[in-house]
Amino acid sequence: MANNDANDPTDGSPKPVATFGQQIIIAVLVVAVGLLFGMGPVVAVLQQPSPGEIMAGISESEAARYQRTSERLQRVLNPEHRRDGEFFLPRHEDEAPVAQLLYARMAEREGLAPTAAQMDNYFRNWQRRTLPGSDTTYGAALAHAASGRNAVEPSAVVDFLRVRVAADAFRSRNITVPATSPALATAFTKAYMQQLSVRQVILDSQYLVDDEAIAAVDDEHRIEDTYHRLRDRHFATKANRTAHLYVADVAEIARHVAISDEMIEARYSAERDERFTTTVSVEDDDGEVQDVTQVQSLDDVRAILREELAEEAARDIAGILANTLRRTLQEEGLAGSTAVSPEDMAPIADLVRIDSDDDPRLESWVGLRVIRDVVIERPEDGTGVTSMGDIGGIDLGELNIFTDDFAPGFLSAPYRPHLEGGDRSASQAVILITAAEEAGYKPLAAVRDQVVRYIAARDQHQSLVSAATELMEQARAAGSIDAALAEDEALRQRWNIESTVERSLSALQALQPPAEDLEGPRPPHFFAVSLGAGIDPIQAVLADGQASGSGPWTERPRLRVLELTEVEPVEGAEQMVQWLGAQVQRSMEEELSLVFQRTLMTRIQEGR
């Protein structure tokens with residue numbers, strides 16, 4: 001069941017859905033692991049049909065229907081993926097459609113699935129739930145969406161909920177890892193809540209990377225090897241298509257629409273009573289409450305009505321302009337063509353225009369808005385809506401321009417882009433693909449300077465460690481890091497240090513001392529609590545990754561020299577300890593499950 005705890009710190013965003021075949025492998029693996037962990041009698045488990053046998057009864061269309069329903073419910077009932085709302089898209093591999101359907105089938109075999117009467121009652125109560133941050137019920141939201149692209153049949157919702165309830169029942173009985181000791185979880189949580197105050201400075205290798213250091217990086221073989229190590233993290237490029245867009249743009253058309261005062265007055269008269277008239281309760285001087293009718297004047301709402309009427313007219317005119325474009329493309333023999341060039345479209349873009357003869361609301365002619373060289377990137381999972389710039393996005397389920405059929409020269413029919421929130425734009429665009437680039441990597445020649453600077457910074461690691469050691473020795477002798485910096489102005493200038501910075505660390509925050517040799521084995525992490533438990537409160541550790549910027553330069557060597565100044569007491573946090581203890585226990589269970597999954601996979605791969 002999706003987690004609806006508003007205070008849940010876990011990431012609520014949905015994970016990419018694996019392919020049907022991948023889901024089958026994951027589902028069988030997870031169930032096999034769960035049965036190994038399960039709390040039921042081993043003999044009873046061994047007597048069950050294998051997950052593979054049950055899986056044979058699940059079709060790809062059934063999994064696709066479940067996935068489609070989950071996507072639409074997510075868009076209607078919790079489109080922003082708020083943590084205080086319900087989640088319908090899978091957030092973990094064992095919540096993928098095939099896994100859920102498999103669990104539901106196994107629940108039916110064990111008598112755990114809900115009956116029809118139970119589901120009727122559950123569905124009625126479920127419809128009374130409200131959207132996060134709103135009084136709107138699920139039932140009302142689904143009814144409102146019934147006429148749009150996110151419409152979901154009630155029967156599909158009931159089927160989805162039945163599968164989810166049954167899957168949760170099976171998971172609870174058979175797959176949940178035996179509970180970790182609550183005492184251990186609570187103790188771990190209290191240690192997690194223990195905060196340490198430190199003062200620290202950052203020693204950054206960027207202050208050692210000068211022209212001489214960069215010039216010293218001249219080993220071409222090393223540069224190429226480093227490039228290959230970095231390219232997956234920093235130099236990968238997505239597949240993309242470059243396109244010219246020929247748009248019947250509502251926003252542009254609206255600027256050419258003339259809205260008369262008579263039109264505004266007519267709209268105001270028609271909507272005044274229902275839209276612009278309100279009744280408020282007012283207390284007079286004698287304390288009596290009377291209802292007073294207030295009416296917004298025409299002048300108060302004139303600008304709003306003018307804008308609304310202009311947009312309505314522009315929507316109509318955009319349709320006329322798009323039809324004119326469609327008819328012209330047919331007459332020129334370009335409709336549906338896969339060999340069109342921008343030069344072919346140039347005269348058509350100039351030719352297609354309409355004026356007041358086509359619609360009297362136009363005060364001047366309007367034509368197509370031509371947007372050149374729009375780069376449209378393929379999403380990571382190859383599905384969903386991807387941006388075409390300010391006009392909206394293209395749904396790859398409707399028009400997948402990343403297949404072989406959409407090579408440069410392809411010209412689409414007029415297409416209504418998708419807007420944020422799921423609505424369709426009234427604007428219409430013809431898409432001309434002008435270039436195609438498949439996923440790959442930026443060539444070394446294009447990123448060579450970045451690679452060389454990265455190597456030059458790594459070559460300063462030992463100097464960085466020596467500087468940190470020197471600063472620690474000076475701080476111990478002077479009594480603190482601040483005292484050492486006050487005595488050595490040259491040290492401050494060399495590392496561009498103004499003063500120490502105060503920071504709070506968790507007592508269980510893992511810190512890693514720097515290795516003397518950057519390419520050698522890494523020293524083991526130690527907990528921050530060791531700063532207080534040990535004799536020496538001054539330590540040098542690796543700094544966090546650079547939060548700002550991009551590229552390999554963010555991975556340059558940086559060290560923190562920190563000094564423990566205070567161990568903050570944990571007081572009045574019993575409720576938080578109890579809640580966090582449950583989260584810790586759940587995390588321990590998940591980690592144990594992962595260990596067994598990896599072990600089982602290793603055995604499968606080795607044929608044991």
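Q: Which side chain meets Glu398 in a salt bridge?
A: In this predicted model, the partner of Glu398 is Arg424, with an N to O distance of 3.2 Å. Glu398 and Arg424 both sit in the loop between strand E10 (393-395) and strand E11 (428-437), so the pair ties together parts that are 26 residues apart in sequence.

Q: Which parts does the salt bridge of Arg199 and Asp482 tie together?
A: Here the side chains meet at 3.3 Å, N to O. Arg199 belongs to strand E1 (residues 195-204) and Asp482 to helix H18 (residues 481-487), so this pair joins parts that are 283 residues apart in sequence.

Q: What separates Arg315 and Glu311 in helix H14?
A: About one helical turn, because they are four residues apart in H14 (residues 298-331).

Q: Which residues are linked in a network of salt bridges?
A: Arg267, Glu271, Arg275, Glu308 and Glu312 are linked in this way. The count for the model comes to 32 salt bridges.

Q: How should I read the packing of two helices?
A: Two packed helices are described by the angle between their axes and the distance between those axes. For helix H11 (residues 220-235) and helix H16 (residues 444-458), the axes come within 9 Å and cross at roughly 100 degrees. H11 and H16 are therefore roughly perpendicular to each other. Residues making the contact include Tyr227 and Leu230 of H11 and Val451 and Tyr454 of H16. The contact residues divide into ten nonpolar, two polar and five charged.

Methods. Residues are numbered from 1 along each chain as its sequence is written. This is a predicted model: local features need pLDDT of at least 70, side-chain atom pairs count only at pLDDT 80 or more; totals for chains, interfaces and linings use all residues. Side-chain values use heavy atoms; hydrogens and water are left out. Axes are lines fitted to C-alpha atoms, for helices over the stretch in contact, and angles run from 0 to 180 degrees between N-to-C directions. Helices (H or I, at least four residues) and strands (E, at least two) are DSSP runs, numbered from the N terminus. Angles under 35 degrees count as roughly parallel, over 145 as roughly antiparallel, 65 to 115 as roughly perpendicular and the rest as oblique. Contact means heavy atoms within 4.5 Å. Ala, Val, Leu, Ile, Met, Phe, Trp, Tyr, Cys and Pro count as nonpolar, Asp, Glu, Lys and Arg as charged, and the others, Gly among them, as polar. A salt bridge is a side-chain nitrogen of Lys or Arg within 4 Å of a carboxyl oxygen of Asp or Glu.
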